[in-house]
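Please work through the exercises below with the coordinates open, trying each task before reading its solution.

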Amino acid sequence: YLDEENKVDRDTLIQDPRVHVCLYCLPPYGTVPRMIDTLTMKALSSKVNIIPIIMKADCFTRSEMTDYKRLLLESFTQSDIKLYTGPLSVITAKQISSDGYKSTRDYPWGEISIENEEYSDFQSLRKLLFVSDTVKLMHITHHQIYESFRATFLQATDYEKLFETSQDGLHRMEDLHNEMDKILQAKVAKRLERREQFKQDQEAELLQQMNYIQDMRTEIEHLRQALEEEKKNYKLANRNSMYESYDQRK
């Protein structure tokens, strides 16, 4: 978003990929958040609005849930984690009730509705996200979180170093281009060499076949001449034999 906003020729309708809220799910056990949850939420708190969500609220009694929310909030405050709102507890539904309006969860002893505000904050969460606080969440994202990030980023940017890095990048790209060009030329030369070798092999094979055919023709011609000579001799021998027989009878 910052790159698009800093362009000289920019679109008046920049697509906004920024995340306006993070629902961070917490396990329904323990008295304080896990270390990994604390560290993750602290890292995220400067980048997005965070709403902690306690899963499986049906694991608690009302008093246990109140105490657990209080302990979580105290821990987040001590860790300097900025939250959009305090922890909210929800129950997930497995089916829609028979009347088709309520999302419910069945137990052997009965049925609970995830929208019942006596033990679930699901309705409050839905209203906060899609009705009452939608614009406010986007406003905080743009005017507080994003502006803080933008100022920090621009102050920390070393433009001379960035220019040098860009120049180095151009040199590396040029070197890479030259290297790729050399590789391409080597491949082309090798392919041309292989093609020339194939052509020579084909010509040598063709010449060998032509020589073979010529030898066969010569051999056939010799055989033909020998056959003609044999026929001629045979006729001559028969003629002489006929003359001799005639003389003897005479």
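The exercises that follow concern a predicted model, and each task is followed by a worked solution.

**Exercise 1. The largest nonpolar core**

Identify the residues of the largest nonpolar core that touch the most other members, and find the elements that give two or more residues to this core.

Solution. Begin with the membership: the largest nonpolar core holds 18 residues, and those that touch the most other members are Tyr24, Leu26, Met41, Ile54, Leu72 and Phe76. Of the elements, H3 gives the most, with 4 residues. Finally, look beyond this set, where another core of 11 residues lies apart from it, including Tyr84, Leu88, Val90 and Ile145.

**Exercise 2. Leu26 and Asp37**

List what Leu26 touches when residues up to four places away in sequence are not counted, and then decide whether Asp37 is buried or exposed.

Solution. With that sequence neighbourhood left out, the contacts of Leu26 are Asp37, Met41, Pro52, Ile53, Ile54, Met55, Leu72 and Phe76. Turn now to Asp37, which is placed in helix H2 (residues 35-44). Because its relative accessibility is 3%, and the cut-off for a buried residue is under 20%, Asp37 counts as buried. Under the same exclusion of residues up to four places away, Asp37 touches Tyr24, Leu26 and Pro27. To complete the description, the side chain of Asp37 makes a polar contact with the side chain of Arg34, at 2.9 Å.

**Exercise 3. Aromatic rings**

Classify the pair formed by Phe60 and Tyr68, and find which ring has Arg18 over its face.

Solution. A pair of aromatic rings is described by the distance of the centres and the angle of the planes. For Phe60 and Tyr68 these values are 5.2 Å centre to centre and 20° between the planes. Since planes under 30 degrees apart count as stacked, the pair of Phe60 and Tyr68 is stacked. Both Phe60 and Tyr68 are buried, and the count for the model comes to 1 aromatic pair. As for the charged group, Arg18 lies over the face of Tyr146, at 4.9 Å from the ring centre.

**Exercise 4. A strand pair**

Determine how many bridges join strand S5 to strand S6, and find the bridge partner of Asp106 in S6.

Solution. Strand S5 (residues 103-107) and strand S6 (residues 110-113) run antiparallel and are joined by 4 bridges. Within this pairing, Asp106 has Glu111 as its bridge partner in S6.

Key:
Residues numbered from 1 in each chain as written. Predicted model: local features only at pLDDT ≥ 70, side-chain atom pairs only at ≥ 80, totals over all residues. Heavy atoms only, no water. Core = buried A, V, L, I, M, F, W, Y, C linked by side-chain atoms within 4.5 Å. Buried < 20%, exposed > 50% of the residue type's maximum accessible area, 1.4 Å probe, protein only. Contact = heavy atoms within 4.5 Å. Phe/Tyr/Trp six-rings, centres within 6.5 Å; stacked < 30°, edge-to-face > 60°. Lys NZ or Arg CZ within 6 Å of the ring centre and 35° of its normal. Pairing = 2+ DSSP bridges. Polar contact = N/O pair within 3.5 Å; in protein donor to acceptor, adjacent residues only side chain to side chain.
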